[in-house]
Amino acid sequence: MSTARVHVSALSATVNHLRLRPTTAVSPNCFNTHSRKPLRVSMSSVPPSEPVEIAVKASLTTPNTLGDCPFSQRVLLTLEEKHLPYEAKFVDLSNKPEWFLQISPEGKVPVIKFDEKWVPDSDIITQTLEEKYPSPPLVTPPEKSTVGSKIFSTFIGFLKSKDPNDGTEQALLSELSSFNDYLKDNGPFVNGKDISAADLSLGPKLYHLEIALGHYKKWTVPDSLTFLKSYMKAIFSRESFIKTRAQPQDVVEGWRPKVEG
Ligand SMILES: N[C@@H](CCC(=O)N[C@@H](CS)C(=O)NCC(=O)O)C(=O)O
C-alpha cells in the first residue's frame with residue numbers, strides 16, 4: 001500500500017489549537033443526501049490529532065503517486081481547504097488489493113475513515129467533513145449547489161462522441177455558456193467572492209475537461225467565455241488544487257478506454 005502523509009504547517013496547527021475550542025454535539029439538521037437518513041456526526045473545529053485516512057485512485061503512469069479521479073480530488077481539496085491533516089493511500093483500481101475491497105466493498109474511491117468506520121462517496125464525505133469541521137465554512141447554499149452540475153455529463157458525451165454532428169459539442173457549449181453567464185452575474189465563484197463546496201466539486205471536472213478534450217479532440221473552451229476562463233484559472237492556480245491535481249498524462253490515460261471503447 002502506498003501512502004502519503006500531509007500535515008498542516010506547524011504554525012496553522014498551533015493557531016487553530018489556540019483559537020478554537022473542541023465541541024461535541026449531534027448535528028441538528030444533517031441528512032445523508034442519498035438515503036435521507038439523519039447523519040449523526042460529532043462537530044469539532046479542532047483538526048484531528050491523527051491524520052485522516054483516505055483511499056484515493058493511484059496514478060496509472062507513475063508508481064506511488066496520486067491518480068486521476070475527480071471525486072478523490074474533490075475530497076482532497078476539501079481537506080486542504082479546511083487545513084486538515086490526512087494520509088492518502090493510493091489504490092490501483094486495475095488490480096484492487098484485498099485490504100481495499102474490505103474497506104470499500106463496491107470497489108470505489110474515494111473512501112475515508114471517520115471514527116473507525118470507512119465511508120464512501122464524495123457527496124457524503126464532503127458533507128460530513130463540513131459537519132465535523134465547520135471552520136472554515138465551505139457550504140454552498142442549496143439553491144446554488146446544482147449550478148454547473150450538467151457540465152461533467154455533457155463533457156463525457158462529447159468526449160465519447162464519434163459523430164461531429166450529433167449535437168454533443170453543442171450540448172456542452174450550451175452548459176458552459178450558461179455557467180459563464182451565471183458567473184458573470186454572481187461570481188467570481190459559485191457562491192460569490194469565496195470558494196465553496198460546489199467549486200471544489202466542479203474544479204476537478206473542468207480540469208479533466210480541459211486536458212481530455214484538448215488531447216482527444218483538439219478542443220478548447222472558447223475565449224469568448226471569459227468568466228468561465230477566469231474561474232478555471234482561479235481554481236487551477238490555488239495551492240490546494242496544485243497539491244491535489246492529477247498529472248495530465250494520467251487524465252489522458254484515464255479517459256482512453258471511454259474514448260476508444
Ligand atoms: N459517486 C462516487 C463516484 C466515485 C467513482 O466513480 N470513483 C471511480 C474512480 S474516479 C471508481 O472508484 N471506479 C471504480 C473502478 O474504476 O473500478 C463519488 O462521488 O465518490
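## Helix α3 and the model

Leu101 is located in helix α3, where helices (H or I, at least four residues) and strands (E, at least two) are DSSP runs, numbered from the N terminus. This residue counts as exposed, with 12 C-beta neighbours inside 10 Å; a residue is buried if 20 or more other C-beta atoms lie within 10 Å of its own, exposed if 12 or fewer, and partly exposed in between, with C-beta atoms placed from the backbone. Leaving out residues up to four places away in sequence, Leu101 touches Lys96 and Gly107; two residues are in contact if their C-beta atoms, placed from the backbone, lie within 7 Å.

The structure is a predicted model, in which local features need pLDDT of at least 70, side-chain atom pairs count only at pLDDT 80 or more, and totals for chains, interfaces and linings use all residues. Residues are numbered from 1 along each chain as its sequence is written.

## Confidence and overall composition

The mean pLDDT of the protein is 87, and 83% of its residues reach 70 or more; pLDDT is the predictor's confidence in each residue, from 0 to 100. Over residues 7–41 pLDDT stays under 50, and for this stretch the model has 45 contacts beyond four places in sequence.

The protein contains 10 helices and 5 strands. Of its 261 residues, 33% are buried. Among contacts with a separation of 6 or more, 73% are between residues 24 or more positions apart.

## The largest nonpolar core

In soluble globular proteins, nonpolar side chains tend to be buried together. The largest nonpolar core here has 51 residues, of which Ile54, Ala55, Val56, Val91 and Ala212 touch the most other members. Helix α7 (residues 197–217) gives the most to this core, with 9 residues. Because domain 1 (2–132) and domain 2 (142–260) both give residues to this core, it lies between them. Such a core is a set of buried Ala, Val, Leu, Ile, Met, Phe, Trp, Tyr and Cys residues joined through C-beta atoms within 7 Å, and the domain bounds come from an automatic or database domain assignment.

Beyond four places in sequence, Ile54 touches Val75, Tyr86, Ala88, Pro110 and Ile112.

## Helix α4

Helix α4 (residues 122–132) has Ser122, Ile125, Thr126, Gln127, Thr128, Leu129 and Glu130 buried. These buried residues pack against α2 (70–81), β4 (111–114), β5 (117–120) and α7.

Ile125 lies in helix α4 and counts as buried because 23 other C-beta atoms lie within 10 Å. Its contacts, leaving aside neighbours within four places in sequence, are with Val75, Pro110, Ile112 and Val119. Ile125 and Thr78 are 47 residues apart in sequence, and their C-alpha atoms are 9.5 Å apart in space.

## The ligand surroundings

The residues around the ligand are Lys57, Cys69, Phe71, Leu93, Gly107, Lys108, Val109, Pro110, Asp121, Ser122 and Asp123. A residue belongs to this shell if its C-beta atom, placed from the backbone, lies within 6 Å of the molecule. By class, the shell has 5 nonpolar, 2 polar and 4 charged residues; Ala, Val, Leu, Ile, Met, Phe, Trp, Tyr, Cys and Pro count as nonpolar, Asp, Glu, Lys and Arg as charged, and the others, Gly among them, as polar.

Pro110, one of the residues around the ligand, lies in the loop between α3 (98–103) and β4. The peptide bond from Val109 to Pro110 is cis, with omega near 0°.

## Further backbone features

A cis peptide bond also joins Gly187 and Pro188, with omega about 15°. Pro188 lies in the loop between α6 (168–186) and α7. Within helix α6 is Ser177, which is partly exposed, with 14 other C-beta atoms within 10 Å. The C-alpha atoms of Ser177 and Val221 are separated by 9.9 Å, although the two residues are 44 residues apart along the chain.

Asn64 is not a glycine, yet it has a positive phi of about 60°. Asn64 is found in the loop between β2 (52–57) and α2 and counts as exposed, with 11 C-beta neighbours inside 10 Å. Asp115, a residue other than glycine, has a positive phi near 50°. Asp115 lies in the loop between β4 and β5 and counts as exposed, with 9 C-beta neighbours inside 10 Å.
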